[in-house]
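Visitor: Please show me the structure, and then let us go through some of its side-chain contacts.

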Amino acid sequence: MILTKINLVNFRNYYKCNIKFNSKINIFIGNNAQGKTNILESVYVLALTKSYRTNYDEILKRNGSDSYKIKGQVKIGKYFKDLSISVINNEKKVFVNDTNIKKISDYVSNLNVILFSPEDVETIKGSPSLRRDLLNIEISQLNQQYIKNYNEYNKILKMRNDYLKLIYTNSISDIRYLDVLTDNLVDRATYIYKERLEFIKKINFNISVIYRDLTKTDNLKVRYETNIDIEDKSEEEIKKILLQKYQKNQNREIIAGMTLFGPHRDDFHFLINDSDIKVYGSQGQQKMAMISFKLAEIPIFEEITNTKPILLLDDIFSELDKTKRNRLINYINNDIQVIITANDTVGINKKLLENAKIFKIDNGKIIDKGDYNGRK
Ligand SMILES: Nc1ncnc2c1ncn2[C@@H]1O[C@H](COP(=O)(O)OP(=O)(O)O)[C@@H](O)[C@H]1O
Ligand SMILES: [Mg+2]
């Protein structure tokens, strides 16, 4: 799919802004704090109805304004679709071709984006919950059923933890209700495991080739870590193993007052030659690994949605040397629409920029709309 244009009103530091995108590479350049990332963020919000930088719509409204609006046109094959999102006072509304879509979940599949933001590198270095969040967000974009199961899992998990505490403090001897909760939890857990393993398997199918293309060095792979032995097991087997685990550890869980096993305790790692780059990787390796992860998602999205997603790459060149910058541009200079932000395009091979539209941003204004295709 292609985002042909976008129209912002009172979004972040933009009063009014119209942008016509190129169907291939678009690069927004400018100094720091001018509004480059805000453009990417607006595309992300149009796609997913919420930002990745804040949970508060208030912050997205231009200072002093009580509303914002983002409109965009998406092209899939020869069909066009108009999308819009607005927040007026506290009311959020989304439209597809002038039809108000009541349920956000019915809206979000209209525009598929894959975002790389510099903060994503923290996901490699930070706590396991960041990596679980990443998996959850990415799989949810592709699978409504996953969101449903995941939300139910969390609800049951909370009830189960509460009940475990109750058994301990009130010495309740009837554990039949615990068994009911455990059964329900195991059902959702099995589904979550299955989807996560499938996703990781698909990532691994692509990621090492991408990483090698970009760095000309070692193999990168991703490994899912869990304290349940679920590898290469069928759904029925996973269910049985989980149930046994809970039965065997019942006393431990009662004393701990919480559920000690299941997808909420899992993690995944990025490995180069079998060592975890969280511990052994350089900053540059970690950044390249995360970019490779995002690029490895493209075929997964394409397989499920039948169209390529739009790549949003924020502040992509910093920390990468000239050779890696060029390899990256070369890699994405393909049959996919990309929106990039960068301070400048210094060191990028001019030939690679022939398909690019280069916009200059200054203080919430586009001072060069790149209409001459960067070849003035
Ligand atoms: N709600 C808002 N209203 C007005 N300006 C904002 C708002 N939110 C952020 N800004 C401004 O946007 C600028 C940062 O934009 P950003 O796109 O993150 O910069 P960069 O070009 O470095 O990527 C800052 O000048 C900040 O003050
Ligand atoms: Mg920025």
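Visitor: Is E122 buried, partly exposed or exposed?
Guide: The relative accessible area of E122 is 41%. Buried means under 20%, exposed over 50% and partly exposed in between (1.4 Å probe, protein chains only). E122 therefore counts as partly exposed.

Visitor: What kind of model is this?
Guide: Residues are numbered from 1 along each chain as its sequence is written, while chains are lettered from A and ligands numbered from 1 in the order in which they are written. Side-chain values use heavy atoms, leaving out hydrogens and water; local features need pLDDT of at least 70, side-chain atom pairs count only at pLDDT 80 or more, totals for chains, interfaces and linings use all residues, and the model is predicted.

Visitor: Which residue meets K125 in a salt bridge?
Guide: A salt bridge needs a side-chain nitrogen of Lys or Arg within 4 Å of a carboxyl oxygen of Asp or Glu. The N to O distance is 3.7 Å, and the partner is E122.

Visitor: Which strand holds K221?
Guide: K221 forms a salt bridge with D274 (3.4 Å, N to O). D274 lies in the loop between β10 (267-272) and β11 (275-276), so the pair ties together parts 53 residues apart in sequence, with K221 in strand β9.

Visitor: What is the angle between the ring planes of F28 and F359?
Guide: Rings of Phe, Tyr and Trp (its six-membered ring) pair if their centres lie within 6.5 Å; planes under 30 degrees apart count as stacked, over 60 as edge-to-face and the rest as tilted. The whole structure has 11 aromatic pairs. F28 and F359 form a stacked one, with 4.4 Å centre to centre and a plane angle of 5°.

Visitor: Is the pair of Y44 and Y52 stacked or edge-to-face?
Guide: The ring centres of Y44 and Y52 are 5.0 Å apart. Their planes stand at 70°, so the pair is edge-to-face.

Note on methods
Helix = DSSP H or I, 4+ residues; strand = E, 2+ residues; numbered from the N terminus.
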